[in-house]
Amino acid sequence: MRVLSGIQPSGSLHIGNYFAMMRPAIELQEEHEAYIFIANYHSLTTVREAERLRTLTLDVALDFLACGLDPEKTVFYRQSDVPEVTELTWLLSIVTPMGLLERCHAYKDKIARGLSADHGLFAYPVLMAADILAVQSNLVPVGQDQKQHVEVTRDLAIKFNHEYEEVFTIPESQIQENVAVIPGTDGQKMSKSYGNTIDIFSSKKKIRQSIMRIVTDSKTLEEAKGPDTCNIFALYKLFATESECQDLADRYRAGGMGYGDAKKELFAKFEEHFASMRAKREDLEKNLDYVESVLDDGAERARTTITPTLDAARTAMGLA
Ligand code: ADP
Ligand code: TRP
């Protein structure tokens, strides 16, 4: 089976990205033909400074390699190194109803807030469909908020196959049910746009500060507490085993434990999980030529996969 996922280089990656998308996508490399790419064409819709986009793109490459992406197993590339994707975007836009894009949330939300959108944001889901269909992916691991985009991709593939020829595989999204929406430090969905993230590779000091900022109710140390409504506990669950969770839940319910202690335990778990990855990232930072060569090689392999599909689409439409 072939799997593909992508992430935008539009800010520092956080544990919401990690548990919902990065880790599940990386794990699939063991048993499937995996493709992961850095969606820098997509980021152009929000990042307007060239140098910042370059830095963020490199950061995502370092983050994925540090978190265990194995470039021998996964085809890992920068979207803009595979310009075939943009040609396919145009071909797909021919079978894209305006109404379908008008219902997509990124665009709809912007319009609802009274902001004017540009064509890039409006057409964003078609570019995403091209990413997925170009490699004939069967499965797309993403967080809940990307499900709609995979539905659009399916609609476009079905329409193209029906109106022209059977060119595209119909993909399915894969959502990690237990981590569909990971809360941020304020209890809303963790998102770089809300300033409520715990980033995976910022300094220890910043990570501790983010964890200490997690919002709780105002119960005193002595009072019994409810683990199921607590943001600290929701994040602790991502790192801990079932018996560790049970143990902490018992201590919540018994009273006599303050939220400060729960935060310390969360920080310890965070460190245990990410310490070796942080060390690996530091090594990679000293070897940027290697990182570049991984991305170059990935782009070449991706183009080899994509070219026959693009040719088939061109032929089906009468261009070749
Ligand atoms: P952000 O909301 O921080 O801008 P992105 O939109 O770039 O994050 O998301 C990248 C990937 O991570 C997507 O697959 C998205 O669904 C997933 N993701 C991001 N934040 C969360 C979260 N808080 N809970 C679950 N999944 C998330
Ligand atoms: N839109 C996705 C996000 O914001 C990133 C993305 C672009 C993507 N193309 C993709 C994800 C193809 C999966 C498959 O997170």
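A polar contact is a pair of N or O atoms within 3.5 Å; within protein, one atom must be able to donate a hydrogen and the other to accept it, and residues adjacent in sequence count only if both atoms are side-chain atoms. By this criterion, a nitrogen atom of ligand 2 lies 2.8 Å from an N or O atom in the side chain of Asp-131.

## Basis of the model

The model is predicted: local features need pLDDT of at least 70 and side-chain atom pairs count only at pLDDT 80 or more, while totals for chains, interfaces and linings use all residues. Residues are numbered from 1 along each chain as its sequence is written, chains are lettered from A and ligands numbered from 1 in the order in which they are written, and side-chain values use heavy atoms, with hydrogens and water left out.

## Domain arrangement

The protein chain is divided into domain 1 (2-179 + 288-317) and domain 2 (192-282), with bounds taken from an automatic or database domain assignment. The centres of the two domains, taken over C-alpha atoms, are 32 Å apart.

## Interface between the domains

Contact (heavy atoms within 4.5 Å) joins 17 residues of domain 1 to 15 residues of domain 2. The area buried between them is about 1500 Å², with carbon and sulfur atoms giving 66%; buried area is the accessible area (1.4 Å probe) that two parts lose on being put together, summed over both.

Two salt bridges occur between domain 1 and domain 2, a salt bridge being a side-chain nitrogen of Lys or Arg within 4 Å of a carboxyl oxygen of Asp or Glu. The side chains of Arg-281 and Asp-63 form a salt bridge with an N to O distance of 2.6 Å.

## Surroundings of ligand 1

Ligand 1 is surrounded by 18 residues, the closest being His-14, Gly-143, Asp-145, Ile-182 and Lys-192; a residue is near a molecule or strand if one of its heavy atoms lies within 4 Å of it. Oxygen atoms of ligand 1 take part in several polar pairs: one is 2.7 Å from an N or O atom in the His-14 side chain, one is 2.9 Å from a polar backbone atom of Gly-143, and one is 2.9 Å from a polar side-chain atom of Lys-189.

## Surroundings of ligand 2

Around ligand 2 there are 14 residues, of which Gly-6, Gln-8, Tyr-124, Asp-131 and Gln-146 come nearest. An N or O atom in the side chain of Gln-8 is 3.1 Å from an oxygen atom of the ligand, whereas the side chain of Gln-146 places an N or O atom 3.0 Å from a nitrogen atom of ligand 2.
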